[in-house]
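Here's a quick tour of one model, starting with its sheet and ending with its pockets. Have the structure open as you read.

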Amino acid sequence: ISTLSEGQLAKFRQKNVGFIFQSYNLLQSYSALENVAMPLMFRGIPKSIRNRRAKQILKQVGLGGRMRSGGQQQRVGIARAFVAKPKIVFADEPTGNLDTRTTKEVMELMVRLCRKNKQTLVLVTHDRELALYADRIITLIDGKVVDDRPNQSIAQGLTEEKAEQEGEAQQESVAQQLLPDELQQPAAVLAAPEKQPDPPKKEED
């Protein structure tokens, strides 16, 4: 990377890296959808496709077009970072301007998205509690690494449970879209035995 020119570095970041900022860095004159779709615009993706992707990721982070509170703005920032599916997402104190409850929601959301999409999240924080969400904790003092150890993420069980719930819901939704109406009946109905024909009547002399 150190040998790349400024133009090559810009293309590398555009393709491989996403950023989440403490101060959100959103364009206030743009809607949530337009902010999220912007990285895709720089990639030359047609407007109809990038808007569709932006709507999908906004739905995943629990937002529509609103962008009022700090928590909502940071969710838009998270959606913008993940919409292009970069290999690495850098988050610089992403919860610094949020209250305790919203901080927990935002951290769980970022970890869940990374695990779902098999991406790497690099979190920069001074908060030891936030560091516990990571699988690996590297401690720096005055620019030098003083500790590097694996960690059992406190989000591990929660993300797995939510992923399982989302998978079950998605399977049910797909089944409803693909199966004909008569195959969407309860199993008891589907397993009902077919009506047997009446036995032939015996004729009397």
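Predicted model: local features only at pLDDT ≥ 70, side-chain atom pairs only at ≥ 80, totals over all residues.

Two strands count as paired if DSSP finds at least two bridges between them; strands (E, at least two residues) and helices (H or I, at least four) are DSSP runs, numbered from the N terminus. On that basis, β2 (residues 88-92) and β3 run parallel and are joined by 5 bridges.

Residues are numbered from 1 along each chain as its sequence is written, and side-chain values use heavy atoms, with hydrogens and water left out.

**The sheet and its helices**

Zooming out, 3 strands make an open sheet with parallel pairing, in the order β1-β2-β3. At the edges sit β1 (17-20) and β3 (120-124), each pairing on one side only. From one strand to the next, the twist averages 20° (axes are lines fitted to C-alpha atoms, for helices over the stretch in contact, and angles run from 0 to 180 degrees between N-to-C directions).

Helix α4 (residues 70-82) packs on this sheet and touches β1 and β2, its direction making about 175° with that of β1. Contact here means heavy atoms within 4.5 Å. Helix α5 (residues 100-117) lies across β1, β2 and β3, and runs at about 150° to β3.

**The pockets**

On a 1 Å grid over the protein atoms alone, a pocket is an open set of points where a 1.4 Å probe fits, with protein on both sides within 12 Å along at least five of seven lines; lining residues have an atom within 4 Å of a point. Grid points are joined across faces, edges and corners, and a volume is the space filled by probe spheres set on the points.

| Largest | about 980 Å³ | Leu 123, Ala 134, Arg 136, Ile 137 and Ile 138 |

For the largest pocket, the elements giving two or more residues to the lining are α5, β3, α6 (128-131) and β4 (136-141). Its lining splits into 15 nonpolar, 5 polar and 5 charged residues (Ala, Val, Leu, Ile, Met, Phe, Trp, Tyr, Cys and Pro count as nonpolar, Asp, Glu, Lys and Arg as charged, and the others, Gly among them, as polar).

In the second largest pocket, α2 gives the most to the lining, with 4 residues.
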